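Subject: A structure for you to look at

Hi there,

My notes come after it.

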Amino acid sequence: MQVYIEKLLTAINQFDSTNTQSVECLRDLVCVISDNDQLKQDPMIRSLLYVASQKMRVFGYNKLNGFKTGIDTTYGDLDLLRNAAVEDMYRSPLNPNNILDKTQKDVIDLFQSLSPRRLLVSAPTSFGKTFLMREIVFLNKERYKNILLVFPTVALLQENAREMERFVQTLELPHRIVKSLDSDIATDSPTIYVFTPERALQLVATYPDIKLDFFFFDEIYKIDEDYCSDAIDEKDKEHGYISHEDFLDSNRGKTFRIALYLLTKMVDEFYLAGPNLQQDRFGDGMKRFIELNQIVVREVTFEPTLRIAVDAHGSNIKEQQPLCVPQTTERTLAKIDKHVNQKVSDVVQYIKREEYGKTLLYCTSPAKAIEYASKLADTSEGDSEGYPSEFLEFIDHIKREYDINHSVEEWSLIKVLNKGFGMHHGKLPKYIQQEILEQFNAGTFSVLFCTSTIVEGVNTDAQNMIIMNASKGNEKLTPFDIKNIKGRAGRYYHCFIGRVFYMHKELFEIENSEDLSLNFATFSRLPTVLLCLYI
């Protein structure tokens, strides 16, 4: 106990917000100690954890620990007043119950100070980029009559449309929420459009004179196909998992570029966002886009969640503990089988035995997700007896709707669900995907095989990510891909630690290699004939 107190006290006293090593050291200590209920029973530990969170201005730690203003501090009135004053400085304008972290408040303050208000934010997946979008809309609710929110997928569109419906209802705003253009819309009444890039282009084409006061563009990196390739796996093609739309995915970058290009010409104020972008790696076209449109870039690198890398590609499971955390005991190495399917079972059992929580398993394609999940189902002794009655009814509905020649029990999805875990990929009907995701988050089952349908943008509260493959489709993952996948392990405000299990040695090599350059081809200095191909 004493060694933790000394380490934490030293890190607090030596904390320097401008020094990355100092910030990460204090974060690692706070997360490791906060994750240990036995350590948190000590009053001195609790007091230091509270002080550390206040010092870092990362108030989510105190909320997750259940600490209130002034808890376990020195009990003096002056301390209580000071702590309350600090939190009031960072209190959310939208929801007084929320305390913004320093980096979040800095982004909001920066946006409000700009003229014109045009901001590109690069931040880790757990930063809350869309959360800040709602804060910005609230602060400008009198100025922004017509608002466009652009999300890359229908799943994200639906999720954020629900959030905006609650937002409008809670604040009693006059805005309507529009998710499609199936019927005529009244462009003269306050409206929040929640669209994909394709629907955004349809809006502009159908209503060329529409006046938009603000737009938000999520996952901006998708303007560059080279930066984010949605490759197609040959095995998926063989098994019939590829639809006509999938073959068009490779051209979505062009759609994103056109949509972003037109919107920046039409709208005065906007907020662009993406995860883990590196400004020093922007290509010439991206730099020109930012310069010509007077866009300010804010790059946030701090991650409040501690992510522990776990080597699981060899014959043992080895956790790479943070260096500044006391190494009081040596964790016994867990043996794992060399055959991939048994290795999956061994790692899942290890996570269960250590009580690490929910687990996502990233697979390169639907075919691989089905293969790995089916193999685990064949050897698993679990069952679906613990499922809530409404989910069992949902499974019965699936059986009735998709039974072909009385063979539905052989469907991989049903076999997997009957064994007490889940599977999620883009070839499942959307409503099935949504229900499986909701049940996973609700804790109905704790293991979910997935593809990039979850990794890219959909929120879960999984504490662990097992990266099964070093590829996406038939192409290698990039360092950017791996950062995004890692970011799904351990969600801020839900847990302190996320663990990432590397099932291939190559994953470490890719992650440590040089990242790609994000470009905006429309603004590249190419000959006119070539440039038109990118628009």
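Below is what I found, from the overall build down to single side chains.

Please keep in mind that this is a predicted model.

**The chain as a whole**

The chain holds 23 helices and 17 strands. Its radius of gyration is 24 Å, close to the 24 Å given by the globule rule for 535 residues, so the chain is as compact as a globular protein of that length. Along the principal axes, the C-alpha atoms fill a box of roughly 70 × 65 × 50 Å. Of the 535 residues, 54% are buried. If we take the contacts in the chain with a separation of 6 or more, 73% of them come from residues 24 or more positions apart.

Val-178 has Tyr-193 in S4 as its bridge partner.

**A sheet of 8 strands**

Another open sheet has 8 strands, ordered S10-S9-S8-S17-S14-S11-S13-S12, with mixed pairing. Its edge strands are S10 (334-335) and S12, each of which pairs on one side only. Within this sheet, S11 (residues 359-362) and S14 (residues 464-467) pair in the parallel sense over 4 bridges, and Leu-361 has Ile-466 in S14 as its bridge partner.

Helix H2 (residues 20-34) lies across S8 (306-311) and S17 (497-502), at about 80° to S8. Helix H15 (residues 340-353) lies across S9 (316-319), S10, S11, S13, S14 and S17, and runs at about 170° to S14.

**Aromatic rings**

How many aromatic pairs are there? The count comes to 27. One of them is Phe-111 with Phe-214, an edge-to-face pair at 6.1 Å centre to centre and 85° between the planes. Phe-111 belongs to helix H7 (residues 102-113) and Phe-214 to strand S5 (residues 214-217), so this pair ties together parts that are 103 residues apart in sequence. Phe-111 is buried, with a relative accessible area of 0%, and Phe-214 is buried at 0% as well.

Phe-421 and Phe-449 make a tilted pair, at 5.8 Å centre to centre and 50° between the planes. Phe-421 sits in the loop between helix H18 (412-418) and strand S12 (422-424), while Phe-449 is in strand S13 (residues 447-450), 28 residues apart. Phe-421 counts as buried at 5% relative accessibility, and Phe-449 counts as buried at 0%.

There is also an aromatic cluster made up of Tyr-387, Phe-391, Phe-394, Tyr-431, Phe-440 and Phe-445.

**Lysines over rings**

Lys-105 lies over the face of Tyr-90, at 6.0 Å from the ring centre. Lys-141 lies over the face of Phe-138, at 4.2 Å from the ring centre.

Enjoy exploring!

Best wishes

Definitions and conventions: Residues numbered from 1 in each chain as written. Heavy atoms only, no water. Phe/Tyr/Trp six-rings, centres within 6.5 Å; stacked < 30°, edge-to-face > 60°. Helix = DSSP H or I, 4+ residues; strand = E, 2+ residues; numbered from the N terminus. Buried < 20%, exposed > 50% of the residue type's maximum accessible area, 1.4 Å probe, protein only. Lys NZ or Arg CZ within 6 Å of the ring centre and 35° of its normal. Pairing = 2+ DSSP bridges. Rg over C-alpha atoms; globule rule 2.2 N^0.38 Å. Contact = heavy atoms within 4.5 Å. Axes fitted to C-alpha atoms, helices over the stretch in contact; angles between N-to-C directions.
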